[in-house]
Amino acid sequence: MRILVLIHSAFAMWNIPAEHREKLAAAFPQHQFLHARDDREGLAMIPGADIAFSRHVDRDQLAAAGRLRWIHTPAAGVDGMLYPEMVRSPVVITNSRGMAADTIAEHAIAVTLAMFRRLHVAVQRQVERRWAQDEIASGAPNRSVAGSHVLIVGFGAIGRAVGAKFEALGADIVGIRRRPEGGASRRVAGPERLHELLRAADVVVICAPQTADTRHLIGAPELSIMRSDALLINVSRGQLVDEAALADALRTNRIGGAALDVFEDEPLARGSPLWSLPDTLITPHTSGFRPDHWDAATDLFSENLRRFEAGQPLLNVVDKSAGY
Ligand SMILES: NC(=O)c1ccc[n+]([C@@H]2O[C@H](COP(=O)([O-])OP(=O)(O)OC[C@H]3O[C@@H](n4cnc5c(N)ncnc54)[C@H](OP(=O)(O)O)[C@@H]3O)[C@@H](O)[C@H]2O)c1
């Protein structure tokens with residue numbers, strides 16, 4: 001079989017390193033690996049490929065792909081790849097969901113502790129060489145994760161890892177899934193309970209995928225019913241939160257703060273009001289970074305390739321109609 005290893009040159013993060021390409025070629029000498037350095041080369045090579053290991057296969061590439069049967073992406077989100085022609089096509093997509101779960105869970109804990117302990121204020125005052133004990137201790141109460149209520153919207157690989165870490169610190173957690181298994185329980189609820197659960201949450205962590213159902217899941221109506229000291233964390237995709245409504249809620253202290261890793265448009269524009277809003281912590285889509293990303297990504301692809309060869313069920317098959 002011919003396997004196209006596509007490089008998505010626009011984002012350095014998705015450039016599969018040479019050593020990992022070589023490792024794949026050595027582990028699977030029975031296959032021919034084609035290596036495209038950009039979308040144009042990918043378009044030229046894809047007609048001969050049976051499999052693509054790529055962050056993205058665009059419309060033109062799909063149209064040119066005569067024998068493509070399976071795409072594996074080293075990312076968890078497939079939102080950019082589910083255009084109508086792809087959804088209709090018989091090409092199977094598998095993703096790397098779960099790979100960044102622990103890393104993102106640590107990030108969610110890190111930003112919560114930073115905001116609860118007001119470290120973001122301390123760092124600013126340190127830069128100014130100011131002893132801001134009163135401001136940090138009394139401006140907003142220093143809060144504890146223990147005993148807090150944490151709502152996790154999207155209770156898949158990332159959401160469950162986030163929940164486990166919050167529980168270990170003594171928080172009371174509840175996760176929302178699209179299809180709560182075996183009916184709702186105390187810890188798992190369906191999307192219809194979003195508003196009810198939002199009212200009680202000290203921390204809301206957004207971990208659901210970007211789909212037709214989740215655009216602006218958190219907008220002005222949701223922000224208006226959240227607690228005035230609630231912290232909103234978004235580690236999934238920017239489109240799930242209405243950024244204009246969020247900026248308004250933060251500006252008017254309608255909610256307590258936000259820690260945002262993802263944005264409606266990335267990179268976040270220099271002119272965005274989010275940069276300078278009170279109690280807002282911004283990270284540049286780095287919550288999922290782990291140093292051994294490509295080791296894990298090529299291991300998962302290799303396991304799936306062995307399964308593909310053996311005609312066994314693949315891991316992490318994307319439901320193209322559901323959008324994740
Ligand atoms: N910031 C980053 O660097 C980064 C890195 C990796 C991933 N991500 C993002 O994180 C997302 C989640 O990743 P994952 O690995 O946790 O995916 P996953 O294992 O597929 O989990 C997705 C979860 O969201 C739930 N869900 C789907 N639609 C929903 C809705 N309308 N309302 C509430 N919950 C809904 C699913 O419900 P069911 O359990 O019922 O199916 C599932 O529990 C990815 O799609 C990606 O966009 C971001």
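Okay, let's start with a salt bridge: the side chains of Asp-79 and Arg-237 meet at 3.1 Å, N to O (the rule wants a side-chain nitrogen of Lys or Arg within 4 Å of a carboxyl oxygen of Asp or Glu). Quick caveats: this is a predicted model, where local features need pLDDT of at least 70, side-chain atom pairs count only at pLDDT 80 or more, and totals for chains, interfaces and linings use all residues. Residues are numbered from 1 along each chain as its sequence is written, and side-chain values use heavy atoms, with hydrogens and water left out.

So, domains. We've got domain 1 (2-99 + 290-310) and domain 2 (101-282), with bounds from an automatic or database domain assignment. Across their interface the rule finds 1 salt bridge. The two bury about 450 Å² between them, 44% of it on carbon and sulfur atoms; that's accessible area, 1.4 Å probe, lost on putting the two parts together and summed over both. On the domain 1 side, Asp-79, Gly-98 and Arg-290 lose the most area to domain 2, together 72% of what that side buries.

Now the aromatics. There are 4 aromatic pairs in the structure, meaning Phe, Tyr or Trp rings (six-membered ring for Trp) with centres within 6.5 Å; planes under 30 degrees apart are stacked, over 60 edge-to-face, the rest tilted. Trp-70 and Phe-308 are a stacked pair, 4.9 Å centre to centre with 25° between the planes. Both residues are buried, as in under 20% relative accessible area, with exposed over 50%, partly exposed in between, and a 1.4 Å probe on protein chains only. And these two belong to one aromatic cluster along with Phe-53, Trp-294 and Phe-301.
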